[in-house]
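Subject: Structure handover

Hi,

Here is the structure I promised to pass on. My notes follow below it.

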Amino acid sequence: MDVDFIFKIAATGIIVAVLNTLLVRSGRDDQAMLTTIAGVVVVFMMLIPQIRDLFSEVKSLFNL
């Protein structure tokens with residue numbers, strides 16, 4: 001896993017947190033929740049290939 005990947009996840013979290021705060025303060029709680037859920041989905045979509053690579057490495061390491 002590269003450090004740039006961790007920075008991408010952190011940047012996504014910061015952007016989602018700022019958007020969430022702005023939307024909650026303006027009274028749009030439903031949109032704030034949808035923004036948070038969308039952020040979580042984006043991060044999970046970024047993590048899926050990394051998890052797949054991890055399982056491949058573990059599989060090859062133990063000759064499974």
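Where in helix 2 does the kink lie? It lies at L47, shortly before the proline P49, and is about 30 degrees. The bend at a residue is the angle between axes fitted to the seven residues ending there and the seven starting there.

Some ground rules. This is a predicted model, where local features need pLDDT of at least 70, side-chain atom pairs count only at pLDDT 80 or more, and totals for chains, interfaces and linings use all residues. Residues are numbered from 1 along each chain as its sequence is written, and side-chain values use heavy atoms, with hydrogens and water left out.

The helix pair

Helix 1 covers residues 3-25 and helix 2 covers residues 29-61. Helices here are DSSP runs (H or I, at least four residues), numbered from the N terminus. Their axes come within 8 Å and cross at roughly 170 degrees. Axes are lines fitted to C-alpha atoms over the stretch in contact, and angles run from 0 to 180 degrees between N-to-C directions. The two helices are therefore roughly antiparallel to each other (angles over 145 degrees count as such).

Helix 1 contributes F5, K8, I9, T12, V16, L19, N20, L23 and V24 to the contact (heavy atoms within 4.5 Å). From helix 2, the contact residues include D29, A32, T35, G39, V43, L47 and Q50. By class, the contact has 11 nonpolar, 7 polar and 2 charged residues. Ala, Val, Leu, Ile, Met, Phe, Trp, Tyr, Cys and Pro count as nonpolar, Asp, Glu, Lys and Arg as charged, and the others, Gly among them, as polar.

Helix 1

Its 23 residues should span 33 Å at 1.5 Å a residue, and the end C-alpha atoms are 33 Å apart, which agrees. The expected span is 1.5 Å times one less than the number of residues. Buried here are F5, T12, V16 and L23 (under 20% relative accessible area, 1.4 Å probe, protein chains only). Their cover includes helix 2. Just after helix 1, G27 takes a positive phi of about 90 degrees.

Helix 2

The 33 residues of helix 2 should span 48 Å at 1.5 Å a residue; the end C-alpha atoms are 47 Å apart, which agrees. A32, T35, G39 and V43 are its buried residues. What covers them includes helix 1. K59 also lies in helix 2. At 48% relative accessibility, K59 counts as partly exposed (between buried and exposed, the latter being over 50%). N63 follows helix 2, with a positive phi near 55 degrees.

Best wishes

Note on methods: Angles under 35 degrees count as roughly parallel, over 145 as roughly antiparallel, 65 to 115 as roughly perpendicular and the rest as oblique.
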